[in-house]
There are 2 protein chains.
Amino acid sequence: MFSKNIQNLKTSPVRELIPYSKKAKDAGVDIIHLNIGQPDLETPKEFFEAIENFGERTIAYSDSSGRKELIDSIKKYYNNLGINYENDEILITAGGSEALLFTLMTLFNAGEEVLIPEPYYANYNSFFAMLGIKVVGIPTKFEENFKLPEKSVIENLITEKTKAIMFSNPGNPTGSVYSKDELLMLNEISKDRNLFLISDEVYREFIYDGKDTVSCGTFVDNLDRIILIDSISKRFSTCGARVGTILNKNKEFMSYILKLCQSRLSISTLDMVGAEALYRCMGKDYYEAVNKKYMERRDFLYEGLNKIDGVVLNKPEGAFYCIVELPVKDATDFSKWLLGEFSYDNSTVMLAPAKGFYQNEELGLNKIRISYALELDRLEKAIKIIDLGLKKYNNK
Amino acid sequence: MFSKNIQNLKTSPVRELIPYSKKAKDAGVDIIHLNIGQPDLETPKEFFEAIENFGERTIAYSDSSGRKELIDSIKKYYNNLGINYENDEILITAGGSEALLFTLMTLFNAGEEVLIPEPYYANYNSFFAMLGIKVVGIPTKFEENFKLPEKSVIENLITEKTKAIMFSNPGNPTGSVYSKDELLMLNEISKDRNLFLISDEVYREFIYDGKDTVSCGTFVDNLDRIILIDSISKRFSTCGARVGTILNKNKEFMSYILKLCQSRLSISTLDMVGAEALYRCMGKDYYEAVNKKYMERRDFLYEGLNKIDGVVLNKPEGAFYCIVELPVKDATDFSKWLLGEFSYDNSTVMLAPAKGFYQNEELGLNKIRISYALELDRLEKAIKIIDLGLKKYNNK
């Protein structure tokens, strides 16, 4: 009765936990959310000011391709990174989500294959399922901080149905950052085998310890195949303002994306007005200050969790996530138990079971993803709760 | 290299005109846009006030299903129409466009068929093409103001691949309104043949002369199959605020729509804050005042065009569109000529060639769609230009 693709949409493992978190919340327990990639930092005031100063009295459709002023500002933002895209090589979408959906819709026929290093952002699965795209995981190892395997391993996964390699860098859920050499290797494969490279760079400004990486937008020999996905959500703490970007130099590809943009007429006019001000007003100082804040949290979390017996994690290099191995058999069960049966100082934590980020769920069974977009005092309490919770859970 | 479905996306006939309108604009000619369904009325101040008073300092993701306060307000709006939907039977989307895309995505496998009275809103074609849906036009006649044919005519179009009947009421591009009896007939077919009924009612508040019609939400014997599509865009002159609604009582259908909503995380938080205030604050007085304004324009346009030799049109019953037959062979050519070679008082008009609204383009060849969401003085000038333009064009 309903579409086969839509019936294949999975429920994310975090959703399994919602009845438990609801029960805890109803019982008055304070839940520290380590499961949500939602920055807690304030949205810069420039966003609100631009919207308040919006002079028009009718909220009209904007251009389907995005407001020109916004595209100009994004172009300048990239110029400052040493990356050059012309205005017609930049299209504005309703968040990074729509950017990805339109990109996949344009590249893939049902049954075609995408290569993606796993673990990967679970929401990608929804788009793959909607479009009937077959996912082929590129294996990476927790012990090696999820670095890419050798070129030949990836090449051996390519079939005549492979259309693209897709990844996020810095990585969600891994918090790892690909080196320039790893990215150059993907670029070589893209050129040799004529595959698109979909580079989700929404966490670009969150890279720590000066890790040697680059935007794929710097690979000027292959910008027809490289599709950059970007968004204001994390960069400016504006997840609820839906402004994403697709950047690419392939005229045919961009003409299809434009048609998809036209099909939904316009994205939010006011969100674009705010986003334009952010790209125009926020500079190096802002990015550095935010980066410093997340790095502090990263250090605090890493040291805290490392002290807990049996807990294993890599030092996150970017974004605000990490995968953590716990001394339990089933991290989903532990996550439910924390919400349903444990509290400390009337608080508990909500975790994201890592199995949802793997094609091969076994690999994620004893792992969780933590998002550390929280103040230090909340993180401190969360670490304490995980520590005490593990002791009690394992002595049940 | 690219998706077959996406390569089938058509370019709308209005887009053909854009180079001509650009040239006219660059030459300093004032273009009166009769081609765009974009209300010129001011957005009510309540929308802006609610956004200014938004107290949170971080623009966070909202619930994927939509903000609860907004759903509450929409529920009340429907209650006032005598239509009852519970909160979990209402999902919020990025405009009516996303509501339609998600609905079609959920119902249709590629190759399945939708029945739709033609002429119909050209943008629907993009969604049909993206999803590989086959369109089967239900024939209607210009001379009969596009009323539905007899039941048997529609039934004969149904095959085992037919999944749904879809229409907008009041109609874009026709400006006609289906009577209660016509809608009841569609409801009977839906029940008898187990077909979904997708009723796009975004122009619901724009019905003139007390025409006897109803919302399909009143057909309480079939609300599992009836999918109401709604939006704030036209109702409150807020096209650039992307807030649509899907209403339906089929739990399985709504569970899939919710998953699609979750896949794109959230729509614009601020747009929903504004929309909530509109649904809460705007009442009968507002709807009546707006309705009166559009009816004045409708009367003015109808009388003005009717006086032009060879121009034929039906009196529009709703929305702010009408299909107009012109005494020319090819309305697209005439539209280009108006933009490229004609002006009066340094002004010209941009029309929407009607062929883009038909599966069978022949039927629309000598017709245009006019959108009359413009002040009377602009309409007066536009009518004058069409009159003078036709005389000159036909005497070339």
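Let's call two residues in contact when they have heavy atoms within 4.5 Å of each other. By that rule, 66 residues of chain B are in contact with 66 residues of chain A. This is a predicted model, where local features need pLDDT of at least 70 and side-chain atom pairs count only at pLDDT 80 or more, while totals for chains, interfaces and linings use all residues. Residues are numbered from 1 along each chain as its sequence is written, chains are lettered from A and ligands numbered from 1 in the order in which they are written, and side-chain values use heavy atoms, with hydrogens and water left out.

Back to the interface. Chains B and A bury about 5400 Å² between them, 58% of it on carbon and sulfur atoms (buried area being the accessible area, with a 1.4 Å probe, that two parts lose on being put together, summed over both). On the chain B side, B:Phe2, B:Ile59 and B:Tyr61 supply 14% of the area buried against chain A, more than any other three residues.

Next, the charges. A salt bridge here is a side-chain nitrogen of Lys or Arg within 4 Å of a carboxyl oxygen of Asp or Glu. Over all chains the structure has 56 of these salt bridges, and the count between chain B and chain A is two. B:Glu42 and A:Arg57 meet in a salt bridge, at 3.2 Å from N to O. Inside chain B, B:Lys151 pairs up with B:Asp192, the closest N and O atoms being 3.7 Å apart. B:Lys151 sits in helix H7 (residues 151–155) and B:Asp192 in helix H8 (residues 180–193), so this bridge ties together parts that are 41 residues apart in sequence. Those labels are DSSP runs numbered from the N terminus: helices are H or I with at least four residues, strands E with at least two.

The axes of H5(B) and H6(B) (residues 124–131) come within 10 Å and cross at roughly 35°; axes are lines fitted to C-alpha atoms, for helices over the stretch in contact, with angles from 0 to 180 degrees between N-to-C directions. The crossing is right-handed, meaning that the near helix is turned clockwise from the far one by less than a right angle. B:Ser97, B:Leu100, B:Leu101, B:Leu104 and B:Met105 of H5(B) meet B:Tyr124, B:Phe127, B:Phe128, B:Met130 and B:Leu131 of H6(B). That contact divides into nine nonpolar, one polar and no charged residues, with Ala, Val, Leu, Ile, Met, Phe, Trp, Tyr, Cys and Pro counted as nonpolar, Asp, Glu, Lys and Arg as charged, and the others, Gly among them, as polar.

H5(B) also packs with H9(B) (residues 251–263), their axes coming within 10 Å and crossing at roughly 125°. The contact includes B:Phe102 and B:Met105 of H5(B) and B:Phe253 and B:Leu260 of H9(B).

Most residues other than glycine have a negative phi, and most peptide bonds are trans. The bond from A:Glu118 to A:Pro119 is cis, with omega near 5°, and A:Pro119 lies in the loop between strand E3 (113–118) and helix H6 (124–131) of chain A. In chain B, the bond from B:Glu118 to B:Pro119 is cis, with omega near 5°. B:Ala319 has a positive phi of about 55° although it is not a glycine.
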